[in-house]
Amino acid sequence: IAPADFPSNAILDGYMKPAVDGSTGNFTWGKPDIDGLRQFCANSIGWESEETDRVVQPVLKILESGSTQTRIESYFMKYDDNIKFAEVKSKRLKAVLDNIQTGDDVEGSNKRRRSD
């Protein structure tokens, strides 16, 4: 059973009035302070430096590889007039869209016709 003060007013305030960074400067990624991170993990959750390294090293490899998160725009193509549209990879969906463009009866195309 939840405690009498659930949900905590501090938690509600955190959701309703989040503390956000109001700076107007551009954000840039920097290389993490590994020694500081090891010390933080040791002091706050009791991890040995080896445990911190085990968890952090795969993330650092990705960071150093230069890979970036895919932007949503990369899933869209553009016509010559810069109108964006989604790139469709599904064969079935492409067929439906082709039928719509040519004016074919999409709903009726897969129904069996009864013979009278």
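Student: How many salt bridges are counted here, and by what rule?

Tutor: The count comes to five salt bridges, where a salt bridge is a side-chain nitrogen of Lys or Arg within 4 Å of a carboxyl oxygen of Asp or Glu. The model is predicted, so local features need pLDDT of at least 70 and side-chain atom pairs count only at pLDDT 80 or more, while totals for chains, interfaces and linings use all residues. Residues are numbered from 1 along each chain as its sequence is written, and side-chain values use heavy atoms, leaving out hydrogens and water.

Student: Where do the partners Lys31 and Glu64 lie?

Tutor: In the salt bridge of Lys31 with Glu64, the closest N and O atoms are 3.7 Å apart. Lys31 lies in the loop between H1 and helix H2 (34–45), and Glu64 lies in helix H3 (residues 49–65), so this pair ties together parts that are 33 residues apart in sequence. Both Lys31 and Glu64 are exposed.

Student: What does Arg38 form with Asp53?

Tutor: Arg38 forms a salt bridge with Asp53, the closest N and O atoms being 2.7 Å apart. This pair links distant parts of the chain, with Arg38 in helix H2 and Asp53 in helix H3, 15 residues apart. Arg38 is partly exposed because its relative accessible area is 24%.

Student: Which residues does Thr52 touch?

Tutor: A contact means heavy atoms within 4.5 Å. Thr52 has its place in helix H3 and touches Leu37, Arg38, Cys41 and Trp47, not counting residues up to four places away in sequence. Thr52 is buried because its relative accessible area is 2%.

Student: In what order do the elements run?

Tutor: Helices (H or I, at least four residues) and strands (E, at least two) are DSSP runs, numbered from the N terminus. The chain has four helices and two strands, in the order α-α-α-β-β-α from the N terminus on. Helix H1 (residues 9–16) lies largely in the open because zero of its eight residues are buried. At its N-terminal end, Ser8 caps H1: a side-chain oxygen of Ser8 lies 3.2 Å from the backbone nitrogen of Ala10.

Student: What share of the chain is buried?

Tutor: Buried residues make up 4% of the 116 residues. Among contacts with a separation of 6 or more, 15% come from residues 24 or more positions apart. The accessible surface, from the Shrake-Rupley method with a 1.4 Å probe, comes to about 11,400 Å², and 54% of it belongs to carbon and sulfur atoms.

Student: Which residues make the nonpolar surface patch?

Tutor: A nonpolar patch joins side chains of Val, Leu, Ile, Met, Phe, Trp or Tyr within 5 Å, from residues with over 30% relative accessible area and no salt bridge. Here Leu93, Val96, Leu97 and Ile100 make a patch of about 310 Å². Val96 is found in helix H4 (residues 91–102) and counts as partly exposed, because its relative accessibility is 31%.

Definitions and conventions. Patch = residues over 30% accessible without salt bridge, like charges linked within 9 Å, V, L, I, M, F, W, Y side chains within 5 Å. Buried < 20%, exposed > 50% of the residue type's maximum accessible area, 1.4 Å probe, protein only. Polar contact = N/O pair within 3.5 Å; in protein donor to acceptor, adjacent residues only side chain to side chain.
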